Amino acid sequence: MNVDGWRMNQFRVWGLRLPLGNSGEDEIRRALARGLSARIEAIGPITIIRRSLDARDKERGLFWVFTLDVSLGSRPSRFPKGWRVGPVPPAPIASPRTDSRLRGKKVAVVGSGPAGLFSALRLASSGAKVVLLEQGAPLKERVLAVSALWREGTFCEEANVQFGEGGAGTFSDGKLITRLKDPRVRLVLEEFVRAGAPARILEEAHPHVGTDGIRACVGAIRERLLALGVQFRCQAMVEEVLPDARAGWCLLVGNERLCCDAAFLAVGHSSRALFKKLLARGVPFDPKGFAVGGRVEHPQAWVDRNQYGRFAGHPGLPAA
Ligand SMILES: Cc1cc2nc3c(=O)[nH]c(=O)nc-3n(C[C@H](O)[C@H](O)[C@H](O)COP(=O)(O)OP(=O)(O)OC[C@H]3O[C@@H](n4cnc5c(N)ncnc54)[C@H](O)[C@@H]3O)c2cc1C
């Protein structure tokens, strides 16, 4: 770093716009050279931080708008209107922090939705002995049960849209847009890419992997948990969580008493039987406002036409 906070030769550019179809790395470099009044060879490595589509004026055309980290021999003195140029902000947490106090501790994670899967990953990476307990069915059985529900209306209590491996996340739309401003979200997105999601989600303004994509990721995350030594048990419903003077906590799973140093309840919002038991024992609960959403399905072609106008079907565009 030099005195005024600029990382040597590296800075961030916000707002570089390029027309659809002319937005590859060569075009980005040419636009940077023009905008920064630099020779094209003087521009070093560039990293795309964010890419969003501007489809507001469909008549004029569609534009990709980039945020980029750029290396250049010297700090630019001029740049075009509409761009913002500044120091590269501090990097988000580079890798999941591990906590040595967890090494060797036995931790039960209850629920295998996004919260359960990701906490099990962090705990196991820190050396904890993790048992992940899920009341519902494994992925394959669950997919069959849900398609039976949609086809024939047969409801299965332990394998449905909410319950089973991957939790409600498995049947979500795979829009990874929650808390995008939180720097830790990058770690979650990287984990998805490691689990097979396309690398573009790291730079998209509205990362979206789709229902089929998210399902494949859930299977890959399970394999990674198993490789980290996590015991992943489906059809294991936790009926009670009891403090235990010696072990810390004991969970009742059917006839089994499972003792552990710590338990993390990642049970989502529909674990009514367990909530009632905890409430009866005086565990404090906060009511939470709820939102009801409807899902309306349209043919993809309509949605694309509405969003992209005459550009719908362009090979450089994702599904709208
Ligand atoms: C149709 C649909 C589409 C959605 N689309 C999106 C989207 O595009 N983007 C987005 O960000 N969010 C989406 N959501 C919301 C998202 O899926 C949830 O916010 C998320 O799954 C919550 O994660 P969680 O881990 O807290 O709980 P959950 O995913 O609900 O997981 C809890 C798990 O705990 C298990 N469990 C409960 N009680 C017990 C027990 N006593 N013992 C053992 N296991 C237990 C359950 O079986 C379940 O598998 C969608 C949800 C639905 C239903």
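Student: Which residues come nearest the ligand?
Tutor: Gly-111, Gly-113, Gly-167, Gly-268 and Ser-271 do, out of 31 residues around the ligand. A residue is near a molecule if its C-beta atom, placed from the backbone, lies within 6 Å of it.

Student: What kind of model is this?
Tutor: This is a predicted model: local features need pLDDT of at least 70, side-chain atom pairs count only at pLDDT 80 or more, and totals for chains, interfaces and linings use all residues. Numbering starts from 1 along each chain, as its sequence is written.

Student: New topic. Which residues of helix α1 are buried?
Tutor: Ile-28, Ala-31 and Leu-32 are buried in α1, which runs over residues 25-35. Buried means 20 or more other C-beta atoms within 10 Å of the residue's own; exposed means 12 or fewer; partly exposed is in between; the C-beta atoms are placed from the backbone.

Student: Why are those three on the same side of α1?
Tutor: Because they cover an arc of only 100 degrees around the axis. The arc is taken from the directions from the helix axis to the C-beta atoms. In general, an α-helix has 3.6 residues a turn, so residues three or four places apart point the same way.

Student: What sits on the face turned away?
Tutor: Asp-26 and Arg-34, both exposed.

Student: Now the sheet. In what order do its three strands run?
Tutor: The order is β8-β9-β10, in an open sheet with antiparallel pairing. Two strands pair if DSSP finds at least two bridges between them.

Student: Which strands are at the edges?
Tutor: β8 (238-244) and β10 (256-260), each pairing on one side only.

Student: How many bridges join β9 and β10?
Tutor: Five, with β9 covering residues 248-253. Val-253 stands opposite Glu-256 in β10.

Student: Last one: how many helices and strands are there overall?
Tutor: The protein has seven helices and eleven strands. Its C-alpha trace spans about 75 × 55 × 35 Å along its principal axes.

Note on methods. Helix = DSSP H or I, 4+ residues; strand = E, 2+ residues; numbered from the N terminus.
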